[in-house]
2 protein chains.
Amino acid sequence: MEIPQLRSFLKIAEHRSFTRAAEACGVSQPALSQQMARLEAEIGCPVFERQGRQVRLTESGEVLYRKAQQIVALVEDTARQVRDDGETGRLVIGAIPTIAPYYLPAVLARFRCEVPKARVEVNELVTESLIRNCQLGDLDVGVLALPVEHPHLEVETLFEEPLWLLLPVGHRLAKGDQAVPIAEIQQEPFLLLDDAHCLSGHIRNFCQTRNLQPVTTGRASQLATVQEMVAHGHGLSFVPEMARKVDISPLRVHKRLEGQAPSRSIGVCWNPYRYQSRLALRFLELLRAEAGTG
Amino acid sequence: MEIPQLRSFLKIAEHRSFTRAAEACGVSQPALSQQMARLEAEIGCPVFERQGRQVRLTESGEVLYRKAQQIVALVEDTARQVRDDGETGRLVIGAIPTIAPYYLPAVLARFRCEVPKARVEVNELVTESLIRNCQLGDLDVGVLALPVEHPHLEVETLFEEPLWLLLPVGHRLAKGDQAVPIAEIQQEPFLLLDDAHCLSGHIRNFCQTRNLQPVTTGRASQLATVQEMVAHGHGLSFVPEMARKVDISPLRVHKRLEGQAPSRSIGVCWNPYRYQSRLALRFLELLRAEAGTG
DNA sequence: TAAAAATACTCCATAGGTATTTTAT
DNA sequence: ATAAAATACCTATGGAGTATTTTTA
């Protein structure tokens, strides 16, 4: 039972196909046929049921699948842990698009000071992909908006931040420093992110609880687009505190909403069954410290 | 990181020597040098400190050692579990010499009826070796006398059995059915097993608590020898109930001791961190049922 | 100087590739 | 008829062996 064999086995089981798994592994299809033939010869029973062009796991195959996952994960974690000196090495961070450009740069700047030799990679992913990649071990840590419920992920809250009403300069509600009464925005056109972003969900939830039915006049796939559209008078929107903090445009104004303002929780997640690199732990510490002070 | 590589690595670490590990693995010494060179190249740092002819683990090597043990154990367990159909396959039982010939034959006969296709292997080992082999995963289950304390072993009590005074036919104490008063055996010559057997320890403990100082006139390495020596008038001894049960010799007589008779606990142990084959579980069940009725 | 690990070099096993056949839909 | 897995055959990589050198105690 070799490790490459087990990797191939997992890929075949996941794709339910030798041919597609071969592509995914970057080898020829006969190579996989041979690997599996050897594997089956070694363990003494078939692991796949070949019903014509259907490939399915046998009972033994199911057992092996679970075990092979453990073995491959353990081998990968071992490689990581042995190499881990806490200074060099790679840290792969995931963050949702409404956090990544606003919150991470400052945090990462401080992190780079602490561990200048580390290579840091940031992947911008929507919540769903982020969680999946975190679970698969492709991400060391994920920074995202809560709540997140996933059986195999560890989740920790960092902080809660308000959402601000974003208006174009010169808008009738943009004047003065006082909070905007909710009734005032009832008839305003709104710009939202598309539903791949959890932020639009948070805003929609807030509107429902406050009985607001804002008129949606546009949707964008980036918060930057929303901000620019607002600046040019296409409508209003809600943006998170972290976006406001780094927004220097003179064309837009942020205002608090009267009463209980909308907000979102920011948290961090990781796969507790995988090895946590010392870099990952340091980054987590930094996030916690940052959340405490900021 | 290949599994044979990790196996070699473990052997080298344990022997602190490439040459001796090579012998143990049945390969040449250069083969191991090359394997380790590849391993170190792959993980990017040395795992051994070669201080002249001293071979030691580096810090990374220590980490790898623990992980490699897990991986190898997991791979072996996987192979066992995948092959395990609960019927065929091998069950390796360990038992101490004062249990194996008296208790196991009847139990194994029943077990063979239940699972006729299974190959059962019995290893007769003294407690210490039995525990070590159980811990290493070379034994599926061990049957032995308690107490056993070992951090990585699961231990379960099966039953307690009395020890009987064994006398030659015609001995002055061998007459009648009544129990023998302790004072009577004070001056009798005794035959014991050598100290590799825990039974001699149990008997010595009993004698100490009852303030008996029996005269030891002989030691043997097998209970059968003790029994024969007793039969031929070389002295008395204590034998466990299970030995009495199968003793059909007309030359010996078993008698209870008056008051609190000596006894020993029989139990079973296994390594809970290793895969328990379905055969092993069935055998355990049988032992428990046997202990309940017998 | 002797014992042990590393290196040099050769050889063979075998894993994987290409081409093809088989099989089931 | 077609798509997918198995088989046949060949090649090349590389792992292990023998012989030797290097190292250090």
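Modeller: Helices (H or I, at least four residues) and strands (E, at least two) are DSSP runs, numbered from the N terminus. The model is predicted, so local features need pLDDT of at least 70 and side-chain atom pairs count only at pLDDT 80 or more, whereas totals for chains, interfaces and linings use all residues. Residues are numbered from 1 along each chain as its sequence is written, and chains are lettered from A and ligands numbered from 1 in the order in which they are written.

DNA strand C is surrounded by 21 residues, a residue being near a strand if its C-beta atom, placed from the backbone, lies within 6 Å of it. The closest of them are A:S28, A:A31 and A:G52 from chain A, with B:T19 and B:P30 from chain B. At least two residues each of this surface are supplied by α3 (29-43) of chain A and by α2 (18-25) and α3 (29-43) of chain B. The largest share, 5 residues, comes from α3(A). By class, the surface near DNA strand C has 8 nonpolar, 9 polar and 4 charged residues (Ala, Val, Leu, Ile, Met, Phe, Trp, Tyr, Cys and Pro count as nonpolar, Asp, Glu, Lys and Arg as charged, and the others, Gly among them, as polar).

DNA strand D has 22 residues around it, and the closest are A:T19, A:P30, B:S28, B:A31 and B:G52. Here two or more residues each are given by α2 (18-25) and α3 of chain A and by α3 of chain B. This surface divides into 8 nonpolar, 10 polar and 4 charged residues.

The relation between the chains comes next. Contact (C-beta atoms, placed from the backbone, within 7 Å) joins 18 residues of chain A to 19 residues of chain B. Helix α4 (residues 59-83) of chain A contributes the largest share of its side, 13 residues. That side of chain A comprises 10 nonpolar, 5 polar and 3 charged residues. Since 100% of the interface residues of chain A are also interface residues in chain B, the copies meet through the same surface.

In chain B, the axes of α2(B) and α3(B) come within 8 Å and cross at roughly 105° (axes are lines fitted to C-alpha atoms, for helices over the stretch in contact, and angles run from 0 to 180 degrees between N-to-C directions). That makes α2(B) roughly perpendicular to α3(B) (under 35 degrees is roughly parallel, over 145 roughly antiparallel, 65 to 115 roughly perpendicular and the rest oblique). B:F18, B:T19, B:A21 and B:A22 of α2(B) meet B:Q29, B:A31, B:L32 and B:S33 of α3(B). This contact has 5 nonpolar, 3 polar and no charged residues. In chain A, helix α1 (residues 3-15) packs on α3(A) at an angle of about 110°, with the axes 10 Å apart. That makes α1(A) roughly perpendicular to α3(A). A:Q5, A:S8, A:F9 and A:I12 of α1(A) face A:L32, A:Q35, A:M36, A:R38 and A:L39 of α3(A) in this contact.

Key
Contact = placed C-beta atoms within 7 Å.
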